Amino acid sequence: MSANEPALTLYMHPLAAYCWKVLIALDENQTPFRHELVQGDPKTQEVLSRLGLIGKMPLLRDAARDTAVSETSIIVDYLERHYPGPASLIPADPEAAREVRLWDRFFDLYVSTPMQKIVGDRLRPEGKRDPFGVQEARSQLETAYTVAERRMTGLTWAAGDHFTLADCSAFPALFYADAVQPFRASRPALARYFERLLERPSVRQTVRAAQPYFPLFPYKDALDPRFTSSDF
């Protein structure tokens, strides 16, 4: 590693929702890093398989500490501990941190997971699809939207007054979920929260970086047209 080369390398793809979560966290603190694009290259996949838990992205490689970190929430926690910046994404207070982690888990488990079930099913060949599973996932999303609507009524950010890890998790989950199971017309508080997220420079940068890859998204025609605009 040269003196001018960042210690951190993120193995990622610009279209992947879970990669967005880490990218937003990195950009919030302007943390120097380089990225390795993961898209079937055998050499890159070998690194993921060798250093990651189960060979999946995103994976953060820290050359300065000779370590690799898997799983999005753990990556952000690692960055908070070893590469802190002006934006504290996980509060020092244990009770506040617990609240942040709760809503981080909520958006990952109850919004991202069913969303990915629906998206993944669209990619399956005819005869291999799971309509019952997709319907179940849509029902799970509606339940999650109801909970999130109640939560965001009167709140600015997912865990209170400050942008945190929970919001890094919320944006990619809601972005893609809205394309497969729209929520903005029926959940006004959640819709307003989504618009606040869109005002973050870190969020806008992440969306802009993904734009060339949006044609690969199975529900690309359902994306809000502003997200594919060069003016975004």
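**Notebook: pockets and rings**

I began with the lining of the largest pocket, which by class has 14 nonpolar, 3 polar and 1 charged residues; here Ala, Val, Leu, Ile, Met, Phe, Trp, Tyr, Cys and Pro count as nonpolar, Asp, Glu, Lys and Arg as charged, and the others, Gly among them, as polar. I note at once that this is a predicted model, in which local features need pLDDT of at least 70 and side-chain atom pairs count only at pLDDT 80 or more, while totals for chains, interfaces and linings use all residues. Residues are numbered from 1 along each chain as its sequence is written, and side-chain values use heavy atoms, with hydrogens and water left out.

**Entry on the pockets**

I looked up the space in the largest pocket and found about 480 Å³. A pocket is an open set of points, on a 1 Å grid over the protein atoms alone, where a 1.4 Å probe fits, with protein on both sides within 12 Å along at least five of seven lines, and lining residues have an atom within 4 Å of a point. Grid points are joined across faces, edges and corners, and the volume is the space filled by probe spheres set on the points. Of the 18 residues that line the largest pocket, I list Leu15, Ala16, Ala17, Gln116 and Val119 as the closest to its centre. Helices α1 (17-28) and α4 (94-123) each supply at least two residues of this lining, and the largest share, 5 residues, comes from α4. Helices are DSSP runs of H or I with at least four residues, numbered from the N terminus.

I then turned to the second largest pocket, with a volume of about 350 Å³. Its lining has 15 residues, and nearest its centre lie Tyr18, Lys56, Met57, Glu71 and Thr72. Two or more residues of that lining come from each of α3 (72-82) and α4, with α4 giving the largest share, 5 residues. By class I recorded 6 nonpolar, 5 polar and 4 charged residues in the lining of the second largest pocket.

**Entry on the rings**

I counted 19 aromatic pairs, where rings of Phe, Tyr and Trp (its six-membered ring) pair if their centres lie within 6.5 Å, and planes under 30 degrees apart count as stacked, over 60 as edge-to-face and the rest as tilted. Trp157 and Tyr193 form an edge-to-face pair, 6.3 Å centre to centre with 70° between the planes. Trp157 lies in the loop between α5 (131-152) and α6 (165-180) and Tyr193 in helix α7 (residues 188-198), so this pair ties together parts that are 36 residues apart in sequence. Both Trp157 and Tyr193 are buried (under 20% relative accessible area, with exposed over 50% and partly exposed in between, 1.4 Å probe, protein chains only).

Phe171 and Phe194 form a stacked pair, 5.6 Å centre to centre with 15° between the planes. Phe171 is in helix α6 and Phe194 in helix α7, 23 residues apart. Phe171 counts as buried because its relative accessibility is 0%, and Phe194 is likewise buried at 0%. I found both in a cluster linked by ring pairs, whose members include Trp20, Tyr145, Phe227 and Phe232.

**Entry on the arginines**

The charged end of Arg122 sits over the ring of Tyr219, 3.9 Å from its centre (CZ of Arg or NZ of Lys within 6 Å of the ring centre and within 35 degrees of the ring normal). Arg200 lies over the face of Trp157, at 5.3 Å from the ring centre.

Lastly I looked up Arg204, which lies in helix α8 (residues 201-210) and counts as partly exposed at 26% relative accessibility. Leaving aside neighbours within four places in sequence, Arg204 is in contact (heavy atoms within 4.5 Å) with Leu198, Glu199 and Phe232.
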